[in-house]
Amino acid sequence: MTGTAVNPLFRAAYLAKAGHGRVTLFIPWLSLKEQELVYPSGITFSTPLEQEAYIRQWLEEKTGFSSDFNIRFYPGRFSTDKRSILAVGDNTELVPDEEADIAVLEEPEHLTWYHHGRSWKTKFRRVIGVVHTNYIEYVKREKNGRVQAFFLNYVNNWVTQIYCHKVIRLSAATQDLPRSVICNVHGVGPKFLEVGLKKQEQQKLGGRTFSKGAYYIGKMVWSKGYKELLQLLSEHQSKLADFEIDLYGNGEDSVQIREAARKLSLTINVYPGRDHADPLFHEYKVFINPSTTDVVCTTTAEALAMGKIVICADHVSNDFFREFPNCRTYKGSNGFPPIVRAAMESEPLPLSDELRHRLSWEAATERFVKAAELNEQSLGGKVVSSYPSKGFMSISFEMSDIRRFVDDASAFMHNAASGIEPARRAFGAIPKTLYPDEQQCRELGLKPNGTNKSGKQWFKR
């Protein structure tokens, strides 16, 4: 239920709804033991069809319409040290060549670190990467983080250069990448906007709009803003003596976070995670999110859509939210208490129709199509540019050939390195994930389709 899982699902639904061709969403399939490590509330699935049915039902409840895009699964494994799902095998083999038109890689660096097989740019006519995660900031917080971040910065540049024609960065919080533009191409579900409209109507009638104070919701790991929040509250306990906040989340650090919150003299209530659309959250007036590791925080956008006051750090990850009157940013630790007190004593301002539309998935889809240049590239048509002279045209083609040669050579080097098991392990890959194992092949209906040079079988649908 993280933003990096939910947002691609909404993107597929709204691209299909807007009529942007046939859309297929590929989702990682985890075997049962790893599902139990990852999925919330004990939810597990015996088959991909069972998981697909759950996803479609959940999506229809959130959007209010039935989606007609395709869902397919690719083999995945959960990396406990990275706390992430990584792809197994060559996912390009799962897409028939006749369907390989435009690929959208949600988290392109993540999907290509250990990719071994056909180049995405060879398989597809156009490849768009959407960068969700500030990996550099996360890595900096680990042991030897500065050294790791230096190498990761290089690797991310390398793989996105090799495999993407265009990269969309949700905010400037991510590293600068080749062929990239900054554009928030995420939206919020209609349920959140409906809550905001109802609250606005209540305000007009003069009734009590919100019955609760402040809260924060997020995966309960230190890097998701909890460290910053508890540090701010600890530093300013005397200035926020009457302040109370509720925290909602599940995660690996939940026990430590509960213990740290208990030691403060402030009233901090810690509860299990819930869906942000739960009616419980409708009554809160103030959403506080001090995280600086997010790229564009999904829950911040949802809180604004519900008509709440949002308090967040003066950070590039929050640039998209600055135009919203209910977004209040603080600079530095000392700027936090006065912003909190002012928010608790005031009421949210009405959201204009224009700003409400900017939060929607319809608007996010429009931004995505424009940023990805799909208006020019879609329907199999080639863009023909006009140049002022034949000489300039010749130089342009020569430079294009050089760039293509360099990319092809880099892709060859990456493919060679990613096919060597010791090299994969040295760079952090899960052992024995060069090809899907027999269990995953059975679960996904994959079959043997030849052997590689070392005699090991590889699989495709």
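Which residues in α1 meet which residues in α14? The model examined here is predicted; local features need pLDDT of at least 70, side-chain atom pairs count only at pLDDT 80 or more, and totals for chains, interfaces and linings use all residues. Residues are numbered from 1 along each chain as its sequence is written, and side-chain values use heavy atoms, with hydrogens and water left out.

On the α1 side, Asn7, Phe10, Arg11, Tyr14, Leu15 and Lys17 meet Trp361, Glu362, Thr365, Phe368 and Val369 of α14, where contact means heavy atoms within 4.5 Å. Helices are DSSP runs (H or I, at least four residues) numbered from the N terminus. The axes of α1 and α14 (residues 361–371) come within 10 Å and cross at roughly 85 degrees; axes are lines fitted to C-alpha atoms, for helices over the stretch in contact, with angles from 0 to 180 degrees between N-to-C directions. Helix α1 is therefore roughly perpendicular to α14, a term for angles of 65 to 115 degrees. The residues of this contact comprise 6 nonpolar, 2 polar and 3 charged.

Phe368 of α14 also touches Val104, Ile128, Val130, Ile168, Val185 and Leu374, among others, not counting residues up to four places away in sequence. Phe368 is one of the residues with the most contacts inside the largest nonpolar core, which has 95 residues. Such a core is a set of buried Ala, Val, Leu, Ile, Met, Phe, Trp, Tyr and Cys residues joined through side-chain atoms within 4.5 Å; buried means under 20% relative accessible area, exposed over 50%, and partly exposed in between (1.4 Å probe, protein chains only). Helix α1 (residues 3–17) gives the largest share of this core, 8 residues. Because domain 1 (3–186 + 417–444) and domain 2 (190–359) both give residues to the core, it lies between them. Apart from this core lies another, of 25 residues, including Val127 and Ala429.

The domain bounds come from an automatic or database domain assignment. The C-alpha centres of domain 1 and domain 2 lie 29 Å apart, and their contact takes 21 residues from domain 1 and 21 residues from domain 2.

Terms used. Helix = DSSP H or I, 4+ residues; strand = E, 2+ residues; numbered from the N terminus. Parallel < 35°, antiparallel > 145°, perpendicular 65-115°, else oblique. Nonpolar A, V, L, I, M, F, W, Y, C, P; charged D, E, K, R; others polar.
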